[in-house]
Amino acid sequence: MKITKSKIALSFLTFPIVSFLLFSTWAHSIANDPSSINVGTLALQYAVVFATTVACNTPIFWVLGLVVAIGIVIYATIIRRNVNSYILLNSALFAIFLIPIILAITGNSRFCMSFIL
């Protein structure tokens, strides 16, 4: 399997989009009036939920994990392109974009958000 630039670009696009769509679906499901939610407010809520999830659940581990994930992304995109590094790249992107949103949706950051908002 040849790892091309387009496959890498697709990974970089897929994970943030899936993360945002997952959050969007969740936000619409809990809203009193889903028609009042537009893309701008949804993007702002996404950023706040993402940041509070990281800030309220041991930020030092998130920072260390982010540094490792960024290192994996650099390794997989610049230094070595093979199947193993592509799998590592997708795992790192999953950790960066989806784990905080999954934690927020499942309720692990709601208590903390009540103090921030």
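Helices (H or I, at least four residues) and strands (E, at least two) are DSSP runs, numbered from the N terminus. Read along its sequence, this protein follows the pattern α-α-α-α-α, with five helices and zero strands in total. The model is a predicted one, in which local features need pLDDT of at least 70 and side-chain atom pairs count only at pLDDT 80 or more, while totals for chains, interfaces and linings use all residues. Residues are numbered from 1 along each chain as its sequence is written, and side-chain values use heavy atoms, with hydrogens and water left out.

**Overall dimensions and burial**

- Taken along the principal axes, the box filled by the C-alpha atoms is roughly 50 × 30 × 20 Å.
- The protein has 117 residues, of which 28% count as buried.
- Buried means under 20% relative accessible area, exposed means over 50%, and partly exposed lies in between (1.4 Å probe, protein chains only).

**Helix 1**

- Helix 1 covers residues 5-30 and contains Leu-10; Lys-5 lies in helix 1 as well.
- Leu-10 counts as exposed because its relative accessibility is 53%.
- Between the C-alpha atoms of Leu-10 and Phe-23 there are 20 Å in space, with the two residues 13 apart in sequence.
- Lys-5 has 62% relative accessibility and therefore counts as exposed.
- Lys-5 and Thr-77 are 72 residues apart in sequence, yet their C-alpha atoms are 8.3 Å apart in space.

**Helices 3 and 4**

- The axes of helix 3 and helix 4 (residues 83-106) come within 8 Å and cross at roughly 150 degrees.
- Helix 3 is therefore roughly antiparallel to helix 4, a term for angles over 145 degrees.
- These axes are lines fitted to C-alpha atoms over the stretch in contact, and angles run from 0 to 180 degrees between N-to-C directions.
- The crossing of helix 3 and helix 4 is left-handed, meaning that the near helix is turned anticlockwise from the far one by less than a right angle.

**Nonpolar surface patch**

- Leu-66, Ile-70, Ile-74, Tyr-75, Ile-78, Ile-79 and Leu-88 make a nonpolar surface patch of about 660 Å².
- Patch residues have over 30% relative accessible area and no salt bridge, and nonpolar side chains (Val, Leu, Ile, Met, Phe, Trp, Tyr) are joined within 5 Å.
- A salt bridge is a side-chain nitrogen of Lys or Arg within 4 Å of a carboxyl oxygen of Asp or Glu.
- Accessible areas come from the Shrake-Rupley method with a 1.4 Å probe.
- With six residues, helix 3 (residues 59-79) gives the most to this patch.
- Leu-66 is found in helix 3 and counts as partly exposed because its relative accessibility is 40%.

Notes. Patch = residues over 30% accessible without salt bridge, like charges linked within 9 Å, V, L, I, M, F, W, Y side chains within 5 Å. Parallel < 35°, antiparallel > 145°, perpendicular 65-115°, else oblique.
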